Amino acid sequence: MSTRTPGAPGTPGADEGPAPLLLPVLPTVPGPGTGSGPAPERADAARNRRRILDAAARIVAEKGPDAVTMNQVAHASGIGVGTVYRRFGDVSQLLWALLDDRERRFQEAYMSGPPPLGPGAPADERLDAFLDALVDRVAEQRAILLAAHSAAPRARYHSGAYQVMHTHAAMLVSRLRPGADSALLAHLLLAPFSPDLMHHLSVEQALPAERVKAGVRELLALRPGP
């Protein structure tokens, strides 16, 4: 899959391109005989992949990532376990593919979806919508993201997913505050969304998502700009 580089922060129309910015943010499992690039996916294979990922997502939501087995996913999806193994290899690769799938959907929403999350709304509305959606995104995949973060805490900042989110946030900040250090501010804006902090807030502190979203808005409004 090809990629395109996001427009530099502050460039007019940098976020208004017709195609979403999609990066290979996580490992994918190549099919047999695909060589260096992915082959076009048949319609029936795409349907099976969707059913497998949806089944894995249900198991993670109900029981956590540790409960996922290839046999359970096969049973829940109604697809033969041999097909599940051939498509994803093992449980770890299936979970990475599940994260990748959700990340691509999220990228599509904020890069080319309807406003206010997508293009077409003022920058302040887009930033609020983006941060709200990020709360939901981290909450939805909290267990898997926390496991990945615990294994390699600093890997988050070098992932394709984080780099795309950072570029998007920096672009919005540069429109709101021309001349500001938008790259630094974008890092600071994304810092509260670390999986360990979000786990602490949502699980250990039992805060609902709406309260976290309201807290982010209040934090941004603590001190008016110049």
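What covers the buried residues of α2? In this predicted model, the cover includes α1 (43-63), α3 (81-88) and α4 (91-112). Helix α2 itself spans residues 70-77, and its buried residues are Met 70, Val 73, Ala 74 and Ser 77. Viewed down the axis of α2, these buried residues fall within an arc of 100 degrees, so they line one face of the helix. An α-helix has 3.6 residues a turn, so residues three or four places apart point the same way. On the face of α2 turned away from the buried side, the exposed residues are Asn 71 and His 75. Directly after α2 comes Gly 78, with a positive phi of about 75 degrees.

The protein as a whole contains ten helices and zero strands. Of its 226 residues, 39% are buried. Among contacts with a separation of 6 or more, 67% are accounted for by residues 24 or more positions apart.

A cis peptide bond joins Pro 115 to Pro 116, with omega near 10 degrees. Pro 116 belongs to the loop between α4 and α5.

Helix α5 (residues 123-140) packs with helix α10 (residues 209-220) at an angle of about 145 degrees, and the two axes are 10 Å apart. The crossing of this pair, α5 and α10, is right-handed. On the α5 side the contact consists of Asp 128, Leu 131, Asp 132, Val 135 and Asp 136. These residues meet Ala 209, Val 212, Lys 213, Val 216, Arg 217 and Leu 220 in α10.

The side chain of Thr 167 reaches the backbone oxygen of Gln 163 at a distance of 3.0 Å. Between Thr 167 and Ala 186 the separation is 19 residues in sequence, while their C-alpha atoms are 7.8 Å apart in space. His 168 is also placed in α7. With buried meaning under 20% relative accessible area, His 168 counts as buried because its relative accessibility is 3%. When residues up to four places away in sequence are not counted, His 168 touches Tyr 110, Met 111, Arg 126 and Phe 130.

Helix α9 covers residues 195-204, and its buried residues are Pro 195, Met 198 and Leu 201. Seen down the axis of α9, these buried residues fall within an arc of 130 degrees, so they line one face of the helix. Ala 206 follows α9 and is placed in the loop between α9 and α10. The phi of Ala 206 is near 55 degrees, which is a positive value in a residue other than glycine. Ala 206 has a relative accessible area of 56% and is therefore exposed, the cut-off for exposed being over 50%.

Conventions:
Residues numbered from 1 in each chain as written. Predicted model: local features only at pLDDT ≥ 70, side-chain atom pairs only at ≥ 80, totals over all residues. Heavy atoms only, no water. Axes fitted to C-alpha atoms, helices over the stretch in contact; angles between N-to-C directions. Helix = DSSP H or I, 4+ residues; strand = E, 2+ residues; numbered from the N terminus. Left-handed = near helix turned anticlockwise from the far one by under 90°. Contact = heavy atoms within 4.5 Å. Buried < 20%, exposed > 50% of the residue type's maximum accessible area, 1.4 Å probe, protein only. Arc of directions from axis to C-beta. Polar contact = N/O pair within 3.5 Å; in protein donor to acceptor, adjacent residues only side chain to side chain.
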